[in-house]
Structure formats: C-alpha cells, structure tokens
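Please look through the sequence and the three-dimensional structure shown here before reading on. The explanation is meant to be followed with the structure in view.

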Amino acid sequence: MYEVNGEKYFVVDGHMHYWNAAPDNWVPGAEKYAKGWIECFHAYQGLGPPETHWPLEHFERYSEEDLMKDVFEDGHVDVAIFQPTYLKEWYREGFNTTERNALMGEKHPGKFVYNTRFDPRDGDAGIEELRRNVERFGCKGVKLYTAEWNAGSRGYKLTDPAAYRYLEVAQNLGIRNIHVHKGPTIWPLDKDAFDVSDVDHAATDFPELNFIVEHVGLPRIEDFCFMATQEPNVYAGLAVVIGGLMHARPKFFAKVMGELLFWVGEDKMIFGSDYAIWEPKWQVEGFVAWDYPDREEFSDYPGVTTASKKKMLGLNAARLYDIEVPAELRLDKESGTPAAREDAQLVDDKSQPVAGA
Amino acid sequence: MRGGGRGALPPSAGGSGGSPPRASTALLEALETVHDPELNRPITSLGFVASCTVSESGDARVRLRLPTYFCAPNFAFLMVADAYDAVSAVPGVQHAEVVLEDHFASDAINGGVAARAGFVRSFGGEAVSELHGLRADFLRKAVMAGTDQVCRPLLSAGASPAELARMVLGDVPPSPELDRLRQRRAELGLPAGDGAPVLIDPVTGDPVTGDALPLHLRRARVTRVGIDANASVCTGMLRQRYPDPSAEREDP
C-alpha cells in the first residue's frame with residue numbers, strides 16, 4: 001500500500017520475476033546467449049534512475065530477502081504476480097520457472113500469485129505439465145511467448161489449432177488470464193514477432209478469458225491499440241512502459257500513456273514493475289505523482305485522476321485475479337468499476353475529436 | 001531511394017597505399033541514406049555507425065553497432081545490407097566491408113551480406129522468406145507517422161480534417177518532414193507528386209475522406225508516438241551499452 005497526500009493506493013505488481021542468471025546456471029555451450037540475455041536486461045535497468053542501478057553480479061542473482069525488501073518493504077507492493085520465463089536452452093534450471101517462483105512464494109502466504117506457462121508445441125506432455133502446475137500451485141494465469149523458438153519451430157500463433165487446444169484445456173482448468181509477451185524478442189528471425197493479430201482472433205473466440213498484452217506490443221503500440229479497442233477482454237500490461245520511459249524519456253512516456261488511455265482506457269491498463277529489471281518503489285511513487293506536461297500537444301489526451309491511477313496500479317489486476325482489496329482501499333461507486341469490460345468501445349466510437357478539429 | 005553518396009572520395013595520390021585509413025565524409029553521407037526500417041531514422045543519427053574509414057586504395061570499412069546483443073536480426077540484416085550497398089556505390093570505393101559488432105547473429109549477418117547471399121541463405125534454414133514484405137510493412141508505418149508530422153502543424157494552425165482531405169501535397173508548405181513523407185510514399189509506389197492528396201491509405205493509395213478522416217488521423221498519431229517511443233528506448237539502450245555515443249537525445 002502506498003499512501004501520499006491522504007490517498008491510499010492498493011498496489012498489485014502484475015509482472016515481476018525471481019530469476020537466477022548467474023554463471024553456475026548457464027548451459028554449457030550456450031554461455032554467450034545466457035550472458036547476452038542478462039546483460040541486455042541489465043542495460044534496461046539503466047533506463048531507470050541512477051540510484052536504483054545494481055551491479056551486474058547482484059542483478060544476475062538476487063536473494064529472496066532482496067526481493068521481499070525491494071518489492072514489499074520498500075516498493076509499496078501488496079500482492080505480486082510472478083510471470084515465469086523458462087529459457088531452458090540457456091539456463092540449466094530455467095531462468096525463472098513456475099516451481100522456483102512458487103517454492104519461494106510459499107514461505108510468504110498471501111503475497112504472491114503464481115502464473116505458469118505453456119507452449120502449444122509441447123503436445124500431450126505439455127498439457128500434462130500445465131495440469132500439474134495448475135493443481136500444485138493454484139495458477140489462474142499463464143505467460144506465453146509466441147515468438148519463442150522450440151525444436152526447429154520459429155514461433156507460433158495463438159490462432160494455431162494446437163494453441164486453441166491448450167487455451168481450451170487452460171480454461172477448463174480454471175485459468176482466466178492469458179499474458180502474452182508482445183515485446184522485444186529474438187526468434188523467429190523473419191516473422192514479425194510483434195504482430196498482435198493472433199491475440200485479436202483468440203480474444204474473440206475465447207470471450208471468457210482475459211488477454212493481457214505485455215509491454216503493449218512495443219514497438220508496435222499502434223497495432224495493439226487498434227486491436228484493443230475492438231476486444232473487450234484485451235488488457236494492456238504496462239511493464240517496460242513505466243520502467244523504460246517514465247524516467248528516461250518523460251515526454252514520450254506522456255504520449256504513450258495518452259495514447260493508451262485514449263485507445264485502451266484506464267480500466268484496462270495494468271501496472272507491472274518487471275522487477276528485477278526495475279524496482280517498483282520509484283515506479284509506484286513516480287506514477288502516482290505523474291501528470292501530462294502542461295502543453296498544447298498533450299491537451300486532447302484523456303485526463304488522469306487519482307481514481308485512474310488506483311485502477312491501473314492495483315485495482316484492475318486485483319479484479320482479474322480475485323485479490324481481496326481492503327474496504328478502505330476500494331473506489332467509491334462514482335469512480336467506476338476496475339477492469340470493466342463493458343467500457344470497451346468499438347473503433348467507430350473512437351473516431352470523434354482530433355486535435356484542432 | 002537510398003544508395004549512392006552525394007560526394008565522392010577525394011582523388012588518391014597515385015594509389016600507392018601505405019597511409020592509414022581515415023574517416024570519410026563521403027562514406028558518412030552515404031550512410032545517412034540508410035535507415036533503421038523500424039525506427040524510421042538514419043543509422044548515422046541513431047549512433048549505429050561506430051566507425052567508417054577508407055584507405056587510399058579505396059578499401060572502405062564500416063563498423064555498425066546496435067543497442068542490444070539481441071536486436072531483431074531481420075532488421076539488423078537489412079541495415080547491414082543497405083549500408084553495404086550505399087558504401088559500395090560511393091565513387092572511388094573499390095572494396096567495401098561492413099561489419100556488425102557485438103550481436104548474437106553477427107557472423108551469419110556479416111558473412112551473408114559479404115557473400116550477397118540474401119537473408120534466407122545467410123541463416124541456413126532458420127528463416128523462410130526474404131525481408132521485402134517486412135520492409136514494406138514498416139514503410140507503410142513510416143508513411144502514417146510522416147502523415148502526422150506533416151498534418152499536426154496544419155491542424156494546430158486551424159485546418160479542419162475535412163480541409164486536410166481536400167489538400168494535395170503541393171499545397172503544404174515545404175519542410176524536411178514533407179520531403180521525407182514524399183520519399184517514403186515513392187518508395188512504396190504510392191502517389192507522391194504535387195497533385196497527390198495529403199491523406200491516402202498507405203496500402204491502396206486511395207484518398208481518405210469523410211467518416212474515415214478522424215480515425216485515420218488518430219492512427220497516424222499513435223503510429224508516430226509508437227515509433228518515437230521505440231526509438232527513444234533504443235537510443236537509451238545504445239547509450240547504456242556504449243556510453244556517450246553520438247545518438248539522438250530527447251528534445252526538451
């Protein structure tokens with residue numbers, strides 16, 4: 001919980017990690033990828049405020065105590081959602097698996113939500129693994145990497161028949177939230193891995209599932225925005241948007257926020273720190289304090305209020321994951337319903353005012 | 001169109017060789033015509049050119065660098081190949097070598113470009129198509145972003161969307177943004193002359209009118225915001241990786 005100026009914010013970190021990327025976890029023969037990957041992540045941390053930068057060695061492997069302090073004690077987070085990233089081709093025990101996350105989280109009841117993952121190219125064995133993970137850890141969400149390379153396959157689409165089979169199984173197992181990584185990637189080499197049209201179709205065909213597009217399709221924000229206006233069950237995951245832009249590029253941060261608020265709306269935007277790339281503390285505090293620069297070029301973007309920020313920082317995610325919010329941290333009736341699907345508007349409704357019109 | 005520098009190398013003093021390679025303005029000017037297709041900016045202003053030199057005998061050497069070890073190899077390949085073409089076309093260059101440094105696919109890209117192998121052959125089975133479609137997709141995004149750059153000042157000055165829809169390119173006051181928009185449209189084979197409408201569909205080239213106008217202008221703006229934000233992340237990352245490169249900074 002973050003309190004400032006008499007306002008209290010319930011904070012859900014919708015996207016964070018507990019990884020081990022130290023050299024003893026590198027797969028022999030794949031060291032250059034394992035090293036390149038974590039160094040790339042570490043460079044992203046450089047886009048945050050200088051006083052929050054870590055030495056590479058600490059960044060490769062931080063402890064459970066570090067995480068609890070950075071995220072909960074200092075970082076104002078009430079509940080954090082683990083998003084796993086396997087990368088077992090490069091990291092022997094995986095980069096951060098469902099199991100690693102849950103074994104740590106189990107020591108801190110009520111603090112974490114454990115998401116798992118699947119890859120539709122893993123066949124029946126993958127279905128069984130998904131079933132085991134859901135039963136063992138009570139998962140309500142999955143994180144998917146459609147661009148991931150897998151045994152000769154150069155990525156997949158959510159619309160592939162195998163992916164639909166997995167989505168059906170996941171839904172029957174009680175999974176509700178599908179986090180899809182549409183952001184910086186490596187493989188496949190020739191396809192545009194940021195293409196979000198597959199989310200568009202899957203969201204239509206699985207109306208009971210929520211699709212959270214992580215990193216808002218960066219660098220294809222426009223495609224994501226246009227798609228999100230047409231699908232009531234598509235949400236924007238703000239990880240990287242706040243961490244990568246708010247401090248380093250405040251003007252572009254304001255514009256990206258303005259576009260997201262216009263196309264997607266405050267009910268469907270979900271905060272995520274992407275810890276340990278960036279600590280939540282400065283992101284939460286900065287976001288609560290943020291507003292558009294007072295300039296003409298920002299004048300026709302939708303406004304942000306305290307209620308908007310409460311939704312984005314925690315109440316929307318709490319709604320998607322049935323996280324209990326203390327009564328004093330909820331919104332009053334006039335401030336609307338967090339994560340409201342019915343507020344989704346069709347594109348035609350968006351075709352109204354334009355600056356200078 | 002890219003390719004070809006504006007300048008030529010100064011005549012060598014007899015081509016005897018022996019003196020060290022030196023930085024070349026003509027090469028740099030040629031490289032200014034090479035764009036990062038995704039960011040819609042010259043690789044020179046992005047800070048992607050680590051060095052470019054030429055020897056007296058016409059051996060040109062260019063070293064390129066990118067913001068991360070894992071930058072998408074398809075775009076990286078296009079930039080290295082375009083740089084190779086641009087440098088090779090500079091008068092006086094006898095032999096060109098363009099090398100991408102510090103990238104997970106450096107060997108495949110550098111070897112493939114040097115051998116004129118194309119993308120698919122360079123990646124030996126990991127890629128299934130050449131990159132023309134990808135390039136065209138991003139040129140269309142550049143057209144949309146350029147439309148916002150050209151139209152926003154007109155809207156701020158009081159023009160209505162309906163008035164914009166009646167305007168042709170020849171009506172717009174000259175600016176570098178207008179030149180770039182015309183160039184991108186021409187590269188796609190879309191109308192780019194003085195008589196062409198300002199607002200066109202970037203796929204069909206048809207004029208945009210009526211009810212479609214507000215949405216078209218909104219899409220143009222979000223496309224520009226997306227490209228600018230992405231470019232700002234990339235240049236920020238480049239600075240982390242190579243402190244104090246000659247990269248762009250956010251204007252105040």
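The paragraphs below treat a sheet, a single residue, the interface between the chains and a pair of domains in turn.

The model is a predicted one.

Strand β3(A) runs parallel to β4 (residues 79–82) of chain A, and 3 bridges join the two. Within this pairing, V12(A) has V79(A) of β4(A) standing opposite.

Y18(A) is found in the loop between β3 and α1 (31–45) of chain A. Is Y18(A) buried or exposed? A residue counts as buried if 20 or more other C-beta atoms lie within 10 Å of its own. Y18(A) has 25 C-beta neighbours inside 10 Å and therefore counts as buried.

Which residues are in contact with Y18(A), leaving aside its neighbours within four places in sequence? The contacts are L67(A), F82(A), N96(A), R100(A), N101(A) and M104(A). As for D267(A), 249 residues separate it from Y18(A) in sequence, and the C-alpha to C-alpha distance between the two is 28 Å.

The next topic is the interface between the chains. Here 38 residues of chain A are in contact with 42 residues of chain B. On the side of chain A that touches chain B, the elements giving two or more residues are α1, α8 (221–228), α9 (241–246), α10 (250–263) and α13 (347–350) of chain A. The residues of this side comprise 21 nonpolar, 6 polar and 11 charged ones.

Finally, chain B may be considered by itself. The domain assignment of chain B gives domain 1, covering 22–122, and domain 2, covering 132–239. The C-alpha centres of these two domains of chain B lie 27 Å apart. How many residues of domain 1 of chain B are in contact with domain 2 of chain B? There are 11 such residues in domain 1, and they are in contact with 12 residues of domain 2. On the side of domain 1 that touches domain 2, 5 residues are nonpolar, 4 are polar and 2 are charged.

Note on methods
Residues numbered from 1 in each chain as written. Chains lettered and ligands numbered in written order. Predicted model: local features only at pLDDT ≥ 70, side-chain atom pairs only at ≥ 80, totals over all residues. Domains from an automatic or database assignment. Contact = placed C-beta atoms within 7 Å. Nonpolar A, V, L, I, M, F, W, Y, C, P; charged D, E, K, R; others polar. Pairing = 2+ DSSP bridges. Helix = DSSP H or I, 4+ residues; strand = E, 2+ residues; numbered from the N terminus. Buried ≥ 20, exposed ≤ 12 C-beta atoms within 10 Å, placed from the backbone.
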